[in-house]
Amino acid sequence: MVGYADLPVSILGDERVRDIIDKRAIRSYYIQGVFEAPLHCSHVTVVPTIDGYFLELSGMIGFDEQGKLVDENAKFQTLKALKNIERIVTVIAEAYEIENFYRTTALNYIVATRADVVNLSQNSGLVNEAYDLSQIPKAARTIVGVQELPLNALVEITARAYLKK
């Protein structure tokens, strides 16, 4: 069985991260350190494969750098949540030294997303518009209606990415 560790490390700007990461073990990282403000936090689990890494990112909402929701509009919350996911994938790709990563956007590495959406009948069109604007090229997408989300958000996105070595 591959080892599992929950490392509360600040990944962004921490040069020690390359020394901390065992690239053969499943790791779960607390994302608080990637963003400067307190916020609805996420985790990312990194699962090594023969030729790369699967990333499982838990729910991300559309918060800004101060930890506040960007807007009361599902479209803008979705765009910001996707930007936050892109930022996390970029940080992990840097930490795992993925070659040729910067030849493309981090969203190209997303293979599947699930968007939990409050008031689905009113907001699903706005969420789809945001996905189209973000240009996630080939990701499978699921949109699910929910009663409520943390911080009164309208959208929370869970994502799966694959980083090839």
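In the predicted model, helices α2 and α3 pack against each other at an angle of about 40°, with their axes 8 Å apart. The crossing in which α2 passes α3 is right-handed. On the side of α2, the contact is made by Ala-74, Lys-75, Thr-78, Leu-79 and Leu-82, while α3 contributes Asn-123, Leu-126, Val-127, Glu-129, Ala-130, Tyr-131, Leu-133 and Ser-134.

These two helices belong to a protein chain whose secondary structure comes to three helices and seven strands, and which, when read along the sequence, follows the pattern β-α-β-β-β-α-β-α-β-β. Of the 165 residues in the protein chain, 48% are buried. Among the contacts in the protein chain with a separation of 6 or more, 62% are accounted for by residues 24 or more positions apart.

The largest nonpolar core holds 38 residues, and the members that touch the most other members are Leu-55, Val-89 and Leu-163. At least two residues of this core are supplied by each of the strands β3 (43-48), β4 (52-61), β5 (110-118) and β7 (155-164), and likewise by each of the helices α2 (74-95) and α3 (120-134). With nine residues, α2 gives the most to this core. The surroundings of Val-89 can be followed in detail: when its neighbours within four places in sequence are left aside, Val-89 is in contact with Leu-55, Leu-57, Phe-101, Ala-106, Tyr-109, Ile-110, Ala-161 and Leu-163.

A search of the whole structure finds two aromatic pairs. One of them is formed by Phe-54 and Tyr-162, whose rings lie 4.8 Å apart, centre to centre, with 55° between the planes, and this pair is classed as tilted. Because Phe-54 lies in strand β4 and Tyr-162 in strand β7, the pair ties together parts that are 108 residues apart in sequence. The two partners can also be described by their accessibility: Phe-54 is partly exposed, with a relative accessible area of 32%, whereas Tyr-162, with a relative accessible area of 18%, is buried, since the cut-off for a buried residue is under 20%.

Several residues in the loops were also examined. Thr-105, which lies in the loop between α2 and β5, counts as partly exposed at 30% relative accessibility. Although Thr-105 and Glu-86 are 19 residues apart in sequence, the distance between them in space is 7.9 Å, C-alpha to C-alpha.

Two asparagines have a positive value of phi, and each is a residue other than glycine. For Asn-119, which lies in the loop between β5 and α3, phi is near 55°, and the relative accessible area of 36% makes this residue partly exposed. For Asn-152, placed in the loop between β6 (140-146) and β7, phi is near 60°, and this residue is exposed, with a relative accessible area of 64%.

Key
Residues are numbered from 1 along each chain as its sequence is written. This is a predicted model: local features need pLDDT of at least 70, side-chain atom pairs count only at pLDDT 80 or more; totals for chains, interfaces and linings use all residues. Side-chain values use heavy atoms; hydrogens and water are left out. A nonpolar core is a set of buried Ala, Val, Leu, Ile, Met, Phe, Trp, Tyr and Cys residues joined through side-chain atoms within 4.5 Å. Buried means under 20% relative accessible area, exposed over 50%, partly exposed in between (1.4 Å probe, protein chains only). Helices (H or I, at least four residues) and strands (E, at least two) are DSSP runs, numbered from the N terminus. Contact means heavy atoms within 4.5 Å. Rings of Phe, Tyr and Trp (its six-membered ring) pair if their centres lie within 6.5 Å; planes under 30 degrees apart count as stacked, over 60 as edge-to-face and the rest as tilted. Axes are lines fitted to C-alpha atoms, for helices over the stretch in contact, and angles run from 0 to 180 degrees between N-to-C directions. A crossing is left-handed if the near helix is turned anticlockwise from the far one by less than a right angle, and right-handed if clockwise.
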